[in-house]
Amino acid sequence: MKVLIVEDEKALAKEVCKFLEKGFYLCDIAGTATDATDLMEVNQYDFILLDLGLPDKDGLLLLDDTKKLCPDASYIILTARGDLEDRIKGLDLGADDYLAKPFSLLELQSRMQAITRRKSGNNDPVIELGEFNVDLNKRAIKHQSKEVDLSRKEFDLLSYMLLHKNRPLTRFQLSEHIWGNFNDEDYDSNYIDVHIKNIRKKLSAYAPVEWLQTLRGIGYKIKL
Ligand code: CA
């Protein structure tokens, strides 16, 4: 999943980025509202973490502007400004959550996971996938009680598709959200196909994977 951290405190932005990149996330950092807008024009983000006190613009104004640029992104406001009025304004403008600084990185991560689950309609972190169980928090997939050994990227790919189940996902979308930025000539290489093939091979040793569908000329879909 792709995250844009809009934060002018460089050390904090880097710390958040480093922490999130250990998990399921890829991060870009913008130190100003202008940089943030430029990045949002060319990238699709799953999350935008937004500091309200930016040097060139109030974060609340940026939120209002950028909802149009990244309508599918989830927004979390990160701010030292803890007052109720800002909080309400942010939520009214469409932010999904609000964390007052200083915040714990683990809390940030668990709020992000909760938003992802809520938006995908899965209240439970453990999701049934055919005969398999996927635990999004523990990052594990099991058949009955046996854990299936997927690589980190294979798991990222599978869970991203699962969170967007029943939707056709193009190879380009999958590359963007799982691998990050690519040059145009890179993305049509077949590494997404290779990863899907490996996932199919590993899982079908345990049970059928007919829910993992190839859409010819388009990409892939998990149909549940
Ligand atoms: Ca700031």
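Let me begin with the calcium ion, whose protein donors are Asp-8 (OD), Asp-51 (OD) and Gly-53 (O), at 2.2 to 2.4 Å from the ion. Donors here are N, O and S atoms within 2.8 Å of the metal, or 3.2 Å for Na, K and Ca; water is not among the atoms, so sites may look incomplete.

A word on the source: this is a predicted model, in which local features need pLDDT of at least 70 and side-chain atom pairs count only at pLDDT 80 or more, while totals for chains, interfaces and linings use all residues. Residues are numbered from 1 along each chain as its sequence is written, and side-chain values use heavy atoms, with hydrogens and water left out.

Along the chain, the calcium donors follow the spacing D-x42-D-x1-G. Asp-8 sits in the loop between β1 (2-6) and α1 (10-20), and Gly-53 in the loop between β3 (47-51) and α3 (59-66), so the pair ties together parts that are 45 residues apart in sequence. Helices (H or I, at least four residues) and strands (E, at least two) are DSSP runs, numbered from the N terminus. Asp-8 is partly exposed, with a relative accessible area of 33%, and Gly-53 is partly exposed at 38%. Buried means under 20%, exposed over 50%, and partly exposed in between, with a 1.4 Å probe and protein chains only.

I turn now to the pockets. On a 1 Å grid over the protein atoms alone, a pocket is an open set of points with protein on both sides within 12 Å along at least five of seven lines, and lining residues have an atom within 4 Å of a point. A volume is the space filled by probe spheres set on the points, which are joined across faces, edges and corners.

The largest pocket holds about 470 Å³ of space. Its lining has 24 residues, and closest to the centre are Asp-46, Asp-72, Tyr-160, His-164 and Arg-167. Two or more lining residues come from each of α5 (105-120), α6 (152-163) and α7 (171-179); α5 has the largest share, with 4 residues. Domain 1 (2-120) and domain 2 (126-222) each supply at least three residues to this lining, the bounds coming from an automatic or database domain assignment.

The second largest pocket holds about 200 Å³. Among its 15 lining residues, Phe-24, Tyr-25, Gln-113, Leu-136 and Asn-137 lie nearest the centre. The elements giving two or more residues are α5 and α6, and α5 gives the most, with 4 residues.

Note on methods:
On a 1 Å grid over the protein atoms alone, a cavity is a set of points where a 1.4 Å probe fits but cannot get out, and a pocket is an open set with protein on both sides within 12 Å along at least five of seven lines; lining residues have an atom within 4 Å of a point.
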